Amino acid sequence: MASFELLAQDGLARAGQLTLNHGVVQTPIFMPVGTYGAVKGVSPSMLQAIGAQIVLGNTFHLWLRPALEVIAKHGGLHGFMNWQRPILTDSGGFQVWSLGALRKISEEGVAFSSPINGDKLFMAPEDSMRIQAALNSDIAMVFDECTPYPSSHADAATSMRLSLRWAARSRAAFNELKDPSVPNALFGIVQGGMYEDLRDESLEGLREIGFEGYAIGGLSVGEPKEDMLRILAHTAPKLPAHKPRYLMGVGTPEDLVEGVSSGIDMFDCVMPTRNARNGWLFTRNGDLKIRNARYRDDLLPIDPMCLCPVCQPEAHGDDRPPFTRSYLHHLQRIDEMLGASLSTVHNLFFYLQIMREMREAIQRSELQAWAATFKATRANGPVQETSHPHS
Ligand SMILES: [Zn+2]
């Protein structure tokens, strides 16, 4: 059985340690997204160098390509992608739901046409568990239906109750497939749209079934930020205290701070990786759009304060000077893949670094002060050449 140990609490925020089949994860943690078994443009050794402890893989996409038997030949997803630390896989529920007109949902599961070749396919909770078992995910997620936004109370209730029945079927199938000697975990997902009473009902039902961890799903699906924060603030503190808590698909650096402050332990989001590929860089002093003409001849690193291998190679035992904004601007403008790769390393490092800092601040009972400084500094805007202390 995966185990979770709470090490410190600061208000609602928690620092903990999650022990999984492929290693220990210090929480709170951000999980880089590796949809097709790769965090785009970043090698496993670089992920390890920047402190990634667990990555996310995508059940639906890996099932379609390269197909399960190929991954099974490698003994699972760890061997296939050559990543020996923990992996969490989503259930595929969100992806089949996202197919829109291509899918039909019934009590049994979801019928859909393959977005790759149009094949008629079917995914039920039992299929999702079978796939995640073949991937040998350290953490599998229950197969559920994401409630669309906006939804009426009645529609959100119907959807959430279907997800609960699927959660029970997921639990049963997971247990049947599970190798008792391997401590892989299954997490439940709280749904219920933007309605507090439905979120409570969902959580109650999931607790009755019993999971190794609990996630909040169905946020960041197009709702206004204040609705997201309202449901987060309502739901997070009610999740079982001695189990890991995971906020799915959220979000900006500020969202991570809100999440941790509300008692969330785990996060994933495509934002740092996807934005990096478009030249959107996160820094301590706000976001920097490297394609902007002002960076054409800017000799500063992305962020003079950042300790990542791009901004400060020396901190990683490499005696070269930092890559300049000017060079990254150039790489983005000519669509060179090295630009996407370096930018992704920087953004992921930033996300992982703020989680490390929050973890330490919680252990010193100083998260509130840390968060206030972080928010104020982020609002300053990127460091400019004239304001750089060494220029
Ligand atoms: Zn950096």
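Let me begin with Ser 159, which lies in helix α7, residues 153-177; helices here are DSSP runs of H or I with at least four residues, strands are runs of E with at least two, and both are numbered from the N terminus. This is a predicted model, in which local features need pLDDT of at least 70 and side-chain atom pairs count only at pLDDT 80 or more, while totals for chains, interfaces and linings use all residues. Residues are numbered from 1 along each chain as its sequence is written, and side-chain values use heavy atoms, with hydrogens and water left out.

Ser 159 is buried, with a relative accessible area of 5%, where buried means under 20% relative accessible area, exposed means over 50%, and partly exposed is in between, using a 1.4 Å probe and protein chains only. Leaving aside neighbours within four places in sequence, Ser 159 is in contact with Glu 145, Cys 146 and Thr 147, contact meaning heavy atoms within 4.5 Å. Arg 207, by comparison, is 48 residues from Ser 159 in sequence and 18 Å from it in space, C-alpha to C-alpha.

Turning to the chain as a whole, we have 14 helices and 17 strands. The radius of gyration is 21 Å, close to the 21 Å that the globule rule gives for 391 residues, so the chain is as compact as a globular protein of that length; the radius is taken over C-alpha atoms, and the rule is 2.2 Å times the number of residues to the power 0.38. The C-alpha trace spans about 65 × 45 × 40 Å along its principal axes, and buried residues make up 56% of the 391 residues. Of the contacts with a separation of 6 or more, 68% are between residues 24 or more positions apart.

Now to the metal: which residues are the protein donors of the zinc ion? They are Cys 306 (SG), Cys 308 (SG), Cys 311 (SG) and His 346 (ND1), lying 2.1 to 2.4 Å from the zinc ion. Donors are N, O and S atoms within 2.8 Å of the metal, or 3.2 Å for Na, K and Ca, and since water is not among the atoms, sites may look incomplete. The four donor atoms subtend angles of 103 to 118 degrees, which makes the arrangement tetrahedral, a term that requires all angles between four donors to lie between 85 and 135 degrees. Along the chain, the donors follow the spacing C-x1-C-x2-C-x34-H. Cys 311 lies in the loop between β17 (286-289) and α12 (325-333), and His 346 lies in helix α13 (residues 337-363), so this pair ties together parts that are 35 residues apart in sequence. Cys 311 is buried at a relative accessible area of 4%, and His 346 is buried at 0%.

Finally, the aromatic residues: a search of the whole structure finds eleven aromatic pairs. The rings of Trp 370 and Phe 374 have their centres 4.9 Å apart and their planes at 10 degrees, so the pair is stacked; rings of Phe, Tyr and Trp (its six-membered ring) pair if their centres lie within 6.5 Å, with planes under 30 degrees apart counted as stacked, over 60 as edge-to-face and the rest as tilted. Both Trp 370 and Phe 374 are buried. Elsewhere, ring pairs link Phe 30, Trp 280, Phe 282 and Tyr 351 into a cluster, and the charged end of Lys 289 sits over the ring of Trp 280, 4.3 Å from its centre. For such a placement, NZ of Lys or CZ of Arg must be within 6 Å of the ring centre and within 35 degrees of the ring normal.

Notes: Four donors count as tetrahedral if all angles lie between 85 and 135 degrees; four count as square planar and six as octahedral if opposite donors are over 155 degrees apart and all others between 65 and 115; anything else is irregular.
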